[in-house]
Amino acid sequence: MTWIIMLSVIIGALAGYLFFPSHWYDSTGLVIDIGLCFLLLFVGMDIGKQKNTLAEIKKIGFNILAVPLMIGLGSIFGALVFGHFVGLNYNESGAIGAGFGWYTLSAIMLVDYSAEISALAFLTNVIREVMAILMLPLLAKYIGHYEAVAPCGATAMDTTLPIIARYTTPKVAIVGFVSGVVLSSLVPLLVPIIINL
């Protein structure tokens, strides 16, 4: 599946560059949204048919919030460490890390601060999402199901959720969805707070 995903991205990039007229891109957002809604519908149906999954999630209780908390802390800490090596201020690298993979929102929120930091946030979070898509099957197989949710960040509630559902269990898919919702909710709060430190 990883190779199919990578090949699809490459073919799409080449097709977009070589063949498709630019006015077609006006409707790509709508097509992607519709496709994503269908993917999420089927993931939800798969989770729903597992009768004991929701009962297991209730047993976990508020401990389910430990997953997004650890992912969030790890993302920001990792961004601070690597930002130091490339010469970014701690507030800039921390704000980029607090994007949690939500490249559109984090980049827009940082554009008033600096066009360069906004572009870096966009690229960093796009690369995070692509790497999550490519690495998730391998992480789930060789490291662990819950660990495979971590690179997805905020995208675990939408674009990477179908991949989580495919390569892990319905229980992990629900944990991933909750993690994605929590992290997505934190992006608009943390990015402006950290960038203004």
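This is a predicted model: local features need pLDDT of at least 70, side-chain atom pairs count only at pLDDT 80 or more; totals for chains, interfaces and linings use all residues.
Hi everyone, thanks for coming.

Let's begin with the whole chain. It has ten helices and zero strands, so the pattern along the sequence reads α-α-α-α-α-α-α-α-α-α. How does the radius of gyration fit with a compact globule? For 197 residues, such a globule would come out near 16 Å, and the 18 Å of this chain agrees with that. If you are setting up a box, the C-alpha atoms fill roughly 50 × 45 × 30 Å along the principal axes. Of the residues, 37% count as buried. The accessible surface is about 11,600 Å², and carbon and sulfur atoms account for 74% of that. As for contacts between residues at least 6 apart in sequence, 68% join residues at least 24 apart.

Now to a helix pair. The axes of α5, residues 90-97, and α10 come within 8 Å and cross at roughly 170°. An angle over 145 degrees counts as roughly antiparallel, so that is how α5 runs relative to α10. On the α5 side the contact is made by N91, E92, G94 and A95, and on the α10 side by V191, I194 and I195. By class, that gives four nonpolar residues, two polar and one charged.

Let's stay with α10, which spans residues 170-195 and includes S179. Is S179 buried or exposed? Its relative accessible area is 0%, so S179 is buried. Leaving aside residues up to four places away in sequence, S179 touches V67, P68, I71 and V149.

That's my tour, and I'm happy to chat about any of it.

Conventions:
Residues are numbered from 1 along each chain as its sequence is written. Side-chain values use heavy atoms; hydrogens and water are left out. Helices (H or I, at least four residues) and strands (E, at least two) are DSSP runs, numbered from the N terminus. Buried means under 20% relative accessible area, exposed over 50%, partly exposed in between (1.4 Å probe, protein chains only). Contact means heavy atoms within 4.5 Å. Axes are lines fitted to C-alpha atoms, for helices over the stretch in contact, and angles run from 0 to 180 degrees between N-to-C directions. Angles under 35 degrees count as roughly parallel, over 145 as roughly antiparallel, 65 to 115 as roughly perpendicular and the rest as oblique. Ala, Val, Leu, Ile, Met, Phe, Trp, Tyr, Cys and Pro count as nonpolar, Asp, Glu, Lys and Arg as charged, and the others, Gly among them, as polar. The radius of gyration is taken over C-alpha atoms; the globule rule is 2.2 Å times the number of residues to the power 0.38. Accessible areas come from the Shrake-Rupley method with a 1.4 Å probe; for residues, only the protein chains shown count as cover.
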